[in-house]
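User: I am new to this structure and would like a close look at a single part of it. Please keep the answer plain and connected.

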Amino acid sequence: MKIEEFTLERIQSLYENTVEYNLSDSGVHPYSLRELLTPAQQEQLLDVELGYGWTNGRVELRQAIARLYTGRTADEVIVTNGSAEANFLLVMSLLEPGDELVVFVPNYLQIWGWARAVGVTVKEILLREELGWTPDLDDVRKAVSTRTKMMTICNPNNPTGSVLSRETMDGLVAIAREHGIYLHADEVYKGAELEQDEPPSFADLYEKAIITSGLSKAMALPGLRIGWLVGPAQEIYASWQRKDYTSITTGAVSEFVAEIVVEPAKRQEILSRSKRILRENLALLQRWVDENSGLFSFVPPKAGGMAFIRYAMPMNSTELVHRLREERGIMLLPGDVYGMDHYIRIGIGAPAHHLEAGLQRLAAFVRAELT
């Protein structure tokens with residue numbers, strides 16, 4: 001197996017903790033346990049035994065996650081170490097050499113990379129900027145073939161923050177159902193929609209949908225490392241078989257906290273905080289783009305903790321990001337990690353003063369380069 005370097009994760013892991021202003025994150029500024037839990041819950045946490053739990057996730061936690069979806073049971077849920085492990089188990093459980101996978105790009109390319117590593121043929125469908133970074137269904141119909149086993153989409157999207165309309169969701173389901181293929185959706189940003197109520201999950205719309213989600217992005221709890229897959233019981237069981245060969249189980253402390261935060265009232269409290277932070281920061285970013293309209297442009301995100309910005313200078317995006325890091329002490333993600341040069345991804349989930357200071361340094365650098 002030859003694995004291509006996951007450039008997005010590599011550049012972040014190398015540099016995000018070495019700069020003064022890290023604007024490369026795509027989630028919302030995280031909670032501390034003291035902020036998140038009541039004093040009584042903090043005391044209960046201290047009594048949690050640090051033993052092994054259920055290898056597919058504590059029963060009560062899987063039941064609580066299942067209730068987030070329509071008509072799902074605990075047997076249709078597996079709890080994982082972050083959504084990254086969920087994506088890995090998905091590929092290893094359902095895709096084989098010679099299968100065909102349709103990936104909507106730009107996208108978080110972990111599934112793309114694992115699929116290529118195991119010999120899957122990966123076909124890309126470009127999300128159209130002129131359609132608000134959503135797919136043209138005619139492109140999808142043309143791309144799906146008799147060899148296609150799965151489509152995978154990130155909704156809300158990483159890196160653009162776009163959200164599929166219900167019409168487009170129904171269209172994708174109709175195409176998947178017509179061909180009898182799996183429809184995978186990474187929904188880790190679901191719940192952080194800024195202009196609309198939370199839409200349904202693909203798991204609510206299609207019997208062969210498989211969902212990746214977790215607590216790292218919209219829920220602002222990346223340090224818990226709790227993710228999950230939701231899907232048909234047989235496929236979830238297959239992923240459980242693979243998990244026995246990997247991390248075995250998630251952490252007892254993380255599962256204790258996760259069970260608290262996925263309950264509806266607490267979940268809505270957390271998502272309300274996330275939306276408040278993101279709306280305020282998006283307004284800040286919009287003002288900054290307007291003030292620097294000759295240098296930057298973007299389709300404003302409709303959800304999630306990031307924006308995908310086009311910049312008006314000839315410099316390669318990776319070169320730009322490294323120079324910004326070295327010369328101005330700010331960290332962004334280059335469009336190159338999504339296969340799209342001349343874009344940068346800017347996280348908008350950080351504290352407002354942090355974001356504003358980083359943006360000022362970014363604009364000053366670009367202006368200096370163009371003069």
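What covers the buried residues of α8?

Analyst: This is a predicted model. The cover over the buried residues of α8 includes the strands β3 (100–105), β5 (148–154) and β6 (182–186), together with helix α7 (137–143). The residues of α8 that are buried are Thr168, Met169, Gly171, Leu172, Val173, Ile175 and Ala176. An α-helix has 3.6 residues a turn, so residues three or four places apart point the same way.

Helix α8 itself runs over residues 166–179. Just after α8 comes Gly180, which has a positive phi of about 65°.

For context, here is how buried nonpolar residues are grouped in the model. In soluble globular proteins, nonpolar side chains tend to be buried together. The largest nonpolar core has 100 residues, and the members that touch the most others are Phe202, Leu215, Leu285 and Leu362. Helix α11 supplies the largest share of this core, nine residues. Among the contacts of Leu215 are Leu221, Ile226, Trp228 and Val261.

Elsewhere, four strands make an open antiparallel sheet in the order β9-β10-β13-β12. Because β9 (296–298) and β12 (333–334) are at the edges with a single partner strand each, one side of each has no neighbour in the sheet. Helix α11 (residues 264–291) packs on this sheet and touches β9 and β10.

Note on methods:
Residues are numbered from 1 along each chain as its sequence is written. This is a predicted model: local features need pLDDT of at least 70, side-chain atom pairs count only at pLDDT 80 or more; totals for chains, interfaces and linings use all residues. Side-chain values use heavy atoms; hydrogens and water are left out. Two strands pair if DSSP finds at least two bridges between them. Helices (H or I, at least four residues) and strands (E, at least two) are DSSP runs, numbered from the N terminus. Contact means heavy atoms within 4.5 Å. Axes are lines fitted to C-alpha atoms, for helices over the stretch in contact, and angles run from 0 to 180 degrees between N-to-C directions. The expected span of a helix is 1.5 Å times one less than its number of residues. Buried means under 20% relative accessible area, exposed over 50%, partly exposed in between (1.4 Å probe, protein chains only). A nonpolar core is a set of buried Ala, Val, Leu, Ile, Met, Phe, Trp, Tyr and Cys residues joined through side-chain atoms within 4.5 Å.
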